[in-house]
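Colleague: Before I use this model, I would like to go through some of the terms applied to it and ask what each one rests on.

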Amino acid sequence: MKSNRYLSFIFIILSSLTLVACNDDDKSDNTSNPSINNTPPSSTAPNVPEYIISENYQLDQTYLSPNQDARQMMLVLHYTAIPLEETLRRFMSEEYAVSSHYLIPEQAQNSKFIVYNLVPDDKRAWHSGTSYWQGNRNLNPSSIGIEIVNLGFPETDELVPLMQRRWYPYASKQQIEVLAEVIKKIVNKYQITPSRIIGHSDIAPGRKFDPGPLFPWEQLYREHGIGAWYDDETVNFYRLYFPWKDDVQSLQSKLAAYGYDVPQNGIYDDDTKNAVSAFQMHFYPKKYDGIADVETIARLDALLEKYRGQQRPTL
Ligand SMILES: [Zn+2]
């Protein structure tokens, strides 16, 4: 009995030593572990990540399915609504549980323009919250988030209708130029399509209003080829020949076809109004009261034709 207990004790000690060793392996940076670095690469799979190599099975990577794309499918733009220092403080604090991949300050400091990269592209940043775009819900796992320092509107305007809020303009030409360069690199790297470069307000209408009606969507398109924008000629065609006739059902189905989360009930309810307003802030920034008109829907039709495969109706 006594020797058995002694053997059990030895066994427990040995087991826990093994466990500690396993944990060390899991935590360690493989580059600093010579025993892992010296593992000969498999001849059939030279690019197998080291953590997948096993003595018990062989990983076959000779079949590479073409049915794949980057997980970074969307690019979501935000304004911070608070100054740079406070944004950094919150992004570095677990208490706030918010972050973004990139943060663009208002201007250069000491003649250097710093762009903060707070979360690596392949990790989730917590910037979208409850959100939807083009069939995808809760976009943190599938998006890159960029926060741009801009205060939005004064706190006292919180309950004022959107069009009466005193929106702060974006700080500098340099801020937008730097933003454009960051966006281009991301879009090229992950092949993000134009209609998936969107604002927080597009993916959470009524809940979020950033990057706001003063965000220069049109300028980014015209000067940098970034994002989606309608062709004037196509808008003219729809405005002239197929003007919207107050049909709420068709308005809702067009907004949904472009990407918005909007009910399909034929009723001009708050959710519909919020989606119209989000669309207008992005594509019709002179009017974002959420009330659809012929111009709003002509622009929406033009975008559907250009980016979502809508067939032009015959005259
Ligand atoms: Zn936001």
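Colleague: How do you know which stretch calls for caution?

Modeller: This is a predicted model, and although the mean pLDDT of the protein chain is 88, with 84% of its residues at 70 or more, pLDDT stays under 50 over residues 6-45. For that stretch the model has 16 contacts beyond four places in sequence, while local features need pLDDT of at least 70.

Colleague: What makes up the largest nonpolar core, and which elements give two or more residues to it?

Modeller: The largest core has 25 residues, and those with the most contacts inside it include Leu255, Tyr260, Phe279 and Leu300. The elements that give two or more residues to this core are helices H7 (232-241), H8 (248-258), H9 (270-283) and H10 (294-307). Leaving aside residues up to four places away in sequence, Phe279 touches Leu255, Tyr260, Thr296 and Leu300. A second, separate core of 22 residues includes Met74, Tyr102, Ile144 and Ile146.

Colleague: Why are H9 and H10 called roughly perpendicular?

Modeller: Their axes come within 11 Å and cross at roughly 75 degrees; since angles from 65 to 115 degrees count as roughly perpendicular, H9 and H10 are therefore described in that way.

Colleague: Which residues meet between H9 and H10, and of what classes are they?

Modeller: Val276, Phe279, Gln280 and Phe283 in H9 meet Thr296, Arg299, Leu300 and Leu303 in H10, and by class this contact has five nonpolar, two polar and one charged residues.

Methods. Residues numbered from 1 in each chain as written. Predicted model: local features only at pLDDT ≥ 70, side-chain atom pairs only at ≥ 80, totals over all residues. pLDDT = per-residue confidence, 0-100. Contact = placed C-beta atoms within 7 Å. Core = buried A, V, L, I, M, F, W, Y, C linked by C-beta atoms within 7 Å. Buried ≥ 20, exposed ≤ 12 C-beta atoms within 10 Å, placed from the backbone. Helix = DSSP H or I, 4+ residues; strand = E, 2+ residues; numbered from the N terminus. Axes fitted to C-alpha atoms, helices over the stretch in contact; angles between N-to-C directions. Parallel < 35°, antiparallel > 145°, perpendicular 65-115°, else oblique. Nonpolar A, V, L, I, M, F, W, Y, C, P; charged D, E, K, R; others polar.
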